[in-house]
Amino acid sequence: MPNEAMSGAGQSLTEQQTIDTKKGERVPDPCIVVIFGASGDLTKRKLLPALFHLEQQNLLPEDFAVVGVARRDLSATFAPDMQDGILKGGGVDAGDSALKPFVDRIKYFATEFDNDEGFERLKAFLADLDKQNGTKGNRLFYLAVAPEFFADIAQRLEKHGMTKATEPGQWINVIIEKPFGTDLASAKTLNAELNKVLSENQIFRIDHYLAKETVQNILVFRFGNGIFEPVWNRNFIDHVEITAAESIGIEGRGPFYEKAGALRDVLQNHVMEVLSFVAMEPPDSFASDAVRTEKLKVWKAIEPIPVEDTARGQYAAGTVDGQKVIGYRQEDRVSQESTTETYAAMKIQIANWRWAGVPFYIRAGKRLAERVTEVTVVFKQPPLHLFKGNDSNTTVSPNVLKIRIQPDEGITLMFGAKIPGPTTNVKPVEMHFSYADAFGKSSANGYERLLLDAMLGDGTLFAEREGVETTWALMTPVLEAWANNPPKDFPNYDAGSWGPGCSDDLLAKDGRKWFKL
């Protein structure tokens, strides 16, 4: 078990945050954000633009600094390069008066990640910045590195005295990016190694899907309104679909994707997180522990997934957005006999009072017809059909609620309405809410909320150890069954389609079909 009493453990939200009473906003204590792997694309495209957006909203402390850490010596170019990323990726005006003072606080430090002498120098470098900037020893370490470096970097930080608080009220938190292991055994090993040197509440496992406004809005939609929660159960809902479709291929990441596949890359983490928001019970509060507890209850209530309730596929050559594209096996650094799935689907059954008998169908894939992530809630039909559907159909289409996570974020409710005329025929119509129309376009990329929460010590939107291991416990038997029975029909769907026929069969045997997106 993690040592919650370890010196330097992340403070609780009330201990760690400062409240700006003028704005009523949560503002973190003075701190330094230290990004390992800062030479990578994530730092320039996402992290620095997100931090500057927080600066624009006065949500960063006045005493603040950013330090990029990587192997190459980029001291002369790092800050200007990050400014370029903020301008190009952050929708920022070059004349913004906050930009120069912010960029002046961006520093760089070069070291190998396995170099003890380099870590000792980094410790001294950060201590000097504390004196210059008044950051009081508070740290947010962001490990934007390959997973094999997570434990080693954390252990060296601990070895050189950078994970333990030295003053009352001081905090030191660490963010790691997915994947959190590749199966249950590797996830447990990683967690055990991290917990040797960090308490669990110092570790913030980031899943960028939870930063998306529409994902967070699932909770507001359900628990902040009185309309839908009374019917959000097995008595009124027929089934739920969660789709995470991408039209792109693997974007030159052949070696990574060959080891990952769609189940590890998307279903086990992103989609299961969304599922938990859709299915969880109302928490006692929206404090971190309360929300995580209800999410964990959902995952623990999921029945073991029979391999017969799964489907997998791999894309062949085809046409996407009018452009001919190659098949997965023709991608760079991919085996011509690869059995890696680029599409995965399964039926989930949740054995609790609310959801017993309501299947959750989840799917994710590459090179599909379009890029869309959506939750589709299909309601049960009325007990008696009094009206005909359009074109003399004997039944009316079911009521459907669609929560679009990306792109064109919004919520659509489909219901039946009478077609004007002398006959009583019914046609499905839509009521649509668009985030862009209601609140305007935003240049935010989602990392703003997660970075702010990590500085505040709020783990609500982060994965935690038991949840990660629980979802891996569900998915690992499926991975093992697939490995023991390699597919003989790959590739089995054309790029630009909606996936393999076996995915349609998964629903057809229940008398259902995927809802048209």
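User: Before we start, what is a nonpolar core?

Analyst: This is a predicted model. In it, a nonpolar core is a set of buried Ala, Val, Leu, Ile, Met, Phe, Trp, Tyr and Cys residues. What joins them is side-chain atoms within 4.5 Å.

User: Which residues touch the most other members of the largest nonpolar core?

Analyst: In soluble globular proteins, nonpolar side chains tend to be buried together. The largest nonpolar core here has 148 residues. The members that touch the most others are Phe-36, Leu-51, Ile-350, Phe-360, Ile-362, Leu-451 and Met-455.

User: Which helix gives the most to this core?

Analyst: Look at residues 254-279. They give 12 residues to the core. That stretch is helix 9.

User: Leaving aside its neighbours within four places in sequence, what is Ile-362 in contact with?

Analyst: Ile-362 is among the core members with the most touches. Its contacts include Ile-242, Leu-267, Val-271 and Met-272. They also include Leu-275, Ala-344, Ala-345, Met-346 and Ile-348.

User: How are helix 2 and helix 12 placed relative to each other?

Analyst: Two packed helices are described by the angle between their axes and the distance between the axes. Helix 2 (residues 41-56) and helix 12 (residues 447-456) have axes 8 Å apart, at an angle of about 70°. Angles of 65 to 115 degrees count as roughly perpendicular. Therefore helix 2 and helix 12 are roughly perpendicular.

User: Which residues in helix 12 does helix 2 meet?

Analyst: From helix 2 come Leu-42, Lys-46, Leu-47, Ala-50, Leu-51, His-53 and Leu-54. By class, the contact has nine nonpolar, one polar and two charged residues. The helix 12 partners are Tyr-447, Glu-448, Leu-451, Leu-452 and Met-455.

User: What is omega for the cis bond from Lys-178 to Pro-179?

Analyst: Most peptide bonds are trans. Pro-179 sits in the loop between strand 7 and helix 7. The bond from Lys-178 to Pro-179 is cis, with omega near 10°.

User: And what is omega for the cis bond joining Gln-406 and Pro-407?

Analyst: Pro-407 lies in the loop between strand 18 (400-406) and strand 19 (410-418). Gln-406 and Pro-407 are joined by a cis peptide bond, with omega about -20°.

User: Is Arg-367 buried or exposed?

Analyst: Arg-367 lies in the loop between strand 15 and strand 16. Its phi is positive, near 55°. Buried means under 20% relative accessible area. Arg-367 has 15%, so it is buried.

User: Is Asp-408 buried or exposed?

Analyst: Asp-408 is in the loop between strand 18 and strand 19. Its phi is also positive, near 50°. Exposed means over 50%. Asp-408 has 57% relative accessibility, so it is exposed.

Definitions and conventions: Residues numbered from 1 in each chain as written. Predicted model: local features only at pLDDT ≥ 70, side-chain atom pairs only at ≥ 80, totals over all residues. Heavy atoms only, no water. Axes fitted to C-alpha atoms, helices over the stretch in contact; angles between N-to-C directions. Helix = DSSP H or I, 4+ residues; strand = E, 2+ residues; numbered from the N terminus. Parallel < 35°, antiparallel > 145°, perpendicular 65-115°, else oblique. Contact = heavy atoms within 4.5 Å. Nonpolar A, V, L, I, M, F, W, Y, C, P; charged D, E, K, R; others polar. Buried < 20%, exposed > 50% of the residue type's maximum accessible area, 1.4 Å probe, protein only.
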